[in-house]
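Colleague: Could you take me through how you read the backbone and the chain contact in a model like this one? I would like the general idea before each case.

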Amino acid sequence: MIPGDPALTIAGVDAAESDIQAIRAKLGTDKPMLNQYLEWIWDVFRFDFGTSLTSGRPVSDLIMERFPLTLTLAVLGILLSIVIAIPLGVISAVRRWSFWDYLGMLFSQAGMAIPSFWLGILLLMLLSIKYRVFPLFGSGSINHLILPSISLGIARAAVLLRLTRASMVEELSKEYVITARAKGLTERMVNYKHALRNALLPVITIAGIQLGYMLGGAIIIEQVFSLPGLGRLFLFAVYQRDFPLIQGGVVFVAFVFSFINFAVDILYSVLNPKIRIS
Amino acid sequence: MTVSNNNLLEIKNLDISFIQARGAAHALRGIDLTISSGEILALVGESGSGKTVTSMSIMGLVPTPPARVNAGSLLFKGEELIGRPHAEMRKIRGNEIAMVFQEPAKYLNPSLKIGEQITEMLILHLGMSKRQAVEKSLEFLDVVGLGKSRRVLNAYPHELSGGMKQRAMIAMAICCNPSLLLADEPTTALDVTLQLQILKLIRSLKATFSMGILFISHNLGIVREIADRVSVIYAGKIVESASNKALFENTLHPYTSALLQSIPDAKKRGHRLRAIPGSVPDAENIPQGCSFHPRCALASDRCSQEIPMTKDYGNGHSAACHMVQ
């Protein structure tokens, strides 16, 4: 399937054939593919993700060690993008073709075009090397996560901003907005109380999905900022053919993604009375 | 100059066009309407004839640009509405002039409770506290026939039936005791049985609160039920105005006759439905002369050249047609 044999990696290039065979037997990779797979599935159902081939530690421990950093990074990233995207998107929609709208469009075009690793490198050069506001690498404090979350957040903000603007423009063209104006409400009430509430629904869905993606680890950004997050863990697992860790990682990411989607659905029903369960 | 009489609303020669890239659309071409307190004036016409522009311009909700008021005045309680600052118009809207719309399902905010949608007006216009506003809202739910129901107050629009939604919307419109109510096809989206109930409700509002009501409709059958006076609008111009009785029994304008003949009638079962040939002209290219002449059975050469003046035929019955003697 995948070229490369973990037994060879562990034993080293000059190892004797008998040693390699012994390692294979120990890892279980000498068994037929189907057997290996079924055994793994059976273990997963008992929440046993096995042991990492390279470090010899349980996969679940390795993932849980790295997860807090990835979680913080993802949450900071999505918060930042929401904080940028929603106000600017709403202003863009309310004052179409104004200065703010053009600024928003410029931002979203640039944000979508700029690769986040490049933005990360630029930020490092400017704010860590030239001005030394933020640490260059390492982890452990929130300061280490500011620049990575900006790099991650900008691209997401660009997408969310366009979505917020489009959604808000659509809501403002709906009939209930005419009613709100006919009631003599101020434009502020019409925009923020009546239209925004409905306009946020699709934005929240997409923000949730983006959060899900980010929780799987940000491989490139973690490399740029040398952060020990899930992305790097999984990347090295692939390099070293650490199959249990890769498999455990895939299951974990899938689980987190489903959980976020579920949480978004719950949140959705709080915001949208039509799908509230009575 | 006539000093204001007891007309609640007096529209004089109101002329509005919309400036678009492909040319100007002449939506209202000098209309005159008056409504007194405790009176229901029906404004009748086909889609695209200018009914909604009329009501929206009374509310000051026609955006300028793209719209432009070419001429005319809108006197409400003797005071000009055209050119009022936005902030002043906002205090009139919902408070002194309120509006009920055609499709309550679309015109109510889907994600706000009915109670919130009513109380926000009372709090804004009448400075009530939240608690007072809730009490007042319950009273008005009772007025519109929903009972003093907290369940309705706490319901979202989709949890109510179509008829209940329209009643809730009427409660919303009348909660600040407006003296003028604009009802834009308020029964069109409802079942026939509900239509009758809503019409009764509107009639009772006129009596109880002595509101002036502008009832916009394309349905002459309903108009006959509810209106005190009727104005027929065609291509942005009032072609005939009369009391209810006079309009239906002594129809002057050929367009009004044609509309009357196109009402389906159970007695004429088995006959082909009479429709007016052609359709309302676009506001961008209104025919020369009488705008109705291309569809009119009585049209003569004169009709295609000369715009007919509105003539008074006594007892407040007026029509704009060359062929009426």
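Modeller: Helices and strands here are DSSP runs, numbered from the N terminus, where a helix is a run of H or I with at least four residues and a strand a run of E with at least two. This is a predicted model, in which local features need pLDDT of at least 70 and side-chain atom pairs count only at pLDDT 80 or more, while totals for chains, interfaces and linings use all residues. Residues are numbered from 1 along each chain as its sequence is written, and chains are lettered from A and ligands numbered from 1 in the order in which they are written.

Colleague: Where does Phe47(A) lie, and is Phe47(A) buried or exposed?

Modeller: A residue is buried if 20 or more other C-beta atoms, placed from the backbone, lie within 10 Å of its own, exposed if 12 or fewer, and partly exposed in between. Phe47(A) sits in the loop between helix H3 (33–45) and helix H4 (59–94) of chain A, has a positive phi near 55° without being a glycine, and counts as exposed because it has 7 C-beta neighbours inside 10 Å.

Colleague: And what is the phi of Ser226(A)?

Modeller: Ser226(A), also not a glycine, has a positive phi of about 40°; Ser226(A) belongs to the loop between helix H10 (219–224) and helix H11 (230–239) of chain A, and is exposed, with 12 other C-beta atoms within 10 Å.

Colleague: How many residues does the contact take from chain A and from chain B?

Modeller: With contact meaning C-beta atoms, placed from the backbone, within 7 Å, 17 residues come from chain A and 21 residues from chain B. On the side of chain A that touches chain B, H8(A) gives the largest share, seven residues.

Conventions. Contact = placed C-beta atoms within 7 Å.
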